[in-house]
Amino acid sequence: MSDKRLKVCLRGAAVFLAVSIVFCIAVICGVNIQKSNMEKQRLDTETKLAEMQMPTFAPQSTEEVKNDGDGATGESNAVKTAADALGIDDVTVGQSQSGAGKKVIVLDAGHGKSSSEMTSDEKTAEGYEYNESKGNWGEWRHYKNGTFGENCHGSGCTGLSPENASCWYSMGNADRDTEPQINLDNALAAQKYLEQMGYEVRMTRTSNEQNPSMDKRVSYCFPNNDTTSAPDAAAYVCIHSNAGGGRGTSYIALGADYEQKFIGSDFVEKSNEMGNIINQKVAAATGLSQNSPINTPYLILFNKCPVPIAYMEIGFYDSSDLSILQSSGDEIGKAIAEGIDEFLKNN
Ligand SMILES: [Zn+2]
Ligand SMILES: [Zn+2]
């Protein structure tokens, strides 16, 4: 072999060796890259699985959900969606079950703390105002035509106040001694039975230390008392007892024109239907005689309530009815609840 041939041979071997080394490195690295990719994919999958197992609603507190403006229904839906995604059958977060598609009933125990026992701050907090020209605390009977939540201030209203009476209703006119407790007992019993039936109940007051204005009482028809949104209550029921020495149970019938926002064209018809059904149930449950409806269509609440309203006058607390009222609170509450339930099932 000549020197020249040897050189060519050696060069060829060197090139072959170099190519082989490069090929080997390439193969080894390729495998590593592939291994590395597989590892990454495996980690990604694990992370995804881990994320899927994290409850997505966990950081959202019940309080935040309550205040999101959507009311309790939104809260329940959010929890339910997260629960469905995780395959969990039953999730309870705080009080999230309230309002889970439940119908809302507002129960209004009439009257309350005597105005003479309330401080000015208390009166303001409960929604009353001081009227200098009238020289007393009270509230306006009506909302102004074409507005919602804007009081008539004696003008611009439909003039539905009682004849020869003012649009201004003095707070002291509603002071009572025996009645607040009877109303509260009946209302609390009705609340208990309605909740057992699956309704969401909002109470305008829960003690005799409270005496909200009519505006404030009506605000419970709206989610979070926000009167700028649409009402979400199905019915509003005022629970009172009568006075003047008669006997028996009745309700106050609506009969005039009402112009407040949100009421349907059947507002009067539906309201009177509900009052009548509840009255029948109360009479049957207590033995109180079933009186015909009372005709007082100009009441503040009739002019302000945005949903069907029943205004009950259950027994006379200043007659021998009093002993029935004081011993039959639970039966009366049950009858009120059954009446509301029957009305809503018919409608
Ligand atoms: Zn008025
Ligand atoms: Zn009353």
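Modeller: One definition before we start: two residues are in contact if their C-beta atoms, placed from the backbone, lie within 7 Å. Also keep in mind that this is a predicted model. The chain has 347 residues, of which 35% count as buried, and its secondary structure comes to 10 helices and 9 strands.

Colleague: What covers the buried residues of H10?
Modeller: The cover includes strand S1 (104-109), helix H5 (179-197), strand S6 (233-242), helix H7 (267-286) and strand S9 (309-316). Among the buried residues of H10 are Ile332, Gly333, Lys334, Ile336 and Phe343.

Colleague: Why is lysine 334 called buried?
Modeller: The cut-off is 20 or more other C-beta atoms within 10 Å. Lysine 334 has 20 C-beta neighbours inside 10 Å, so lysine 334 counts as buried. Lysine 334 sits in helix H10, residues 329-346.

Colleague: Which residues is lysine 334 in contact with, leaving aside neighbours within four places in sequence?
Modeller: Those are Ala189, Tyr193 and Ala285. Take tyrosine 193: 141 residues separate it from lysine 334 in sequence, yet their C-alpha atoms are 5.9 Å apart. As for the chain, 79% of its contacts with a separation of 6 or more are between residues 24 or more positions apart.

Colleague: How do you know that the length of H10 agrees with what a helix should span?
Modeller: With 18 residues at 1.5 Å a residue, H10 should span 26 Å. The end C-alpha atoms of H10 are 26 Å apart, so the two agree.

Colleague: What makes H5 oblique to H10?
Modeller: Their axes come within 7 Å and cross at roughly 50 degrees. Angles under 35 degrees would count as roughly parallel and 65 to 115 as roughly perpendicular, so H5 is oblique to H10. The crossing is right-handed. Residues making the contact include Ala189 and Tyr193 of H5, and Gly333, Lys334 and Ala337 of H10.

Colleague: On to the sheet with the order S2-S3-S4. Which strands stand at the edges, and why?
Modeller: This is an open sheet of 3 strands with antiparallel pairing. Strand S2 (129-131) and strand S4 (168-170) each have a single partner strand, so one side of each is left without a neighbour in the sheet. Neighbouring strands here are turned by 60 degrees against each other on average, direction ignored.

Colleague: How do you know that S3 and S4 pair?
Modeller: Pairing takes at least two bridges. Strand S3 (residues 136-140) is joined to S4 by 3 bridges, so they pair, running antiparallel. For tryptophan 140, the bridge partner in S4 is tryptophan 168.

Notes
Residues are numbered from 1 along each chain as its sequence is written. Chains are lettered from A and ligands numbered from 1 in the order in which they are written. This is a predicted model: local features need pLDDT of at least 70, side-chain atom pairs count only at pLDDT 80 or more; totals for chains, interfaces and linings use all residues. Helices (H or I, at least four residues) and strands (E, at least two) are DSSP runs, numbered from the N terminus. A residue is buried if 20 or more other C-beta atoms lie within 10 Å of its own, exposed if 12 or fewer, and partly exposed in between; C-beta atoms are placed from the backbone. Axes are lines fitted to C-alpha atoms, for helices over the stretch in contact, and angles run from 0 to 180 degrees between N-to-C directions. The expected span of a helix is 1.5 Å times one less than its number of residues. Angles under 35 degrees count as roughly parallel, over 145 as roughly antiparallel, 65 to 115 as roughly perpendicular and the rest as oblique. A crossing is left-handed if the near helix is turned anticlockwise from the far one by less than a right angle, and right-handed if clockwise.
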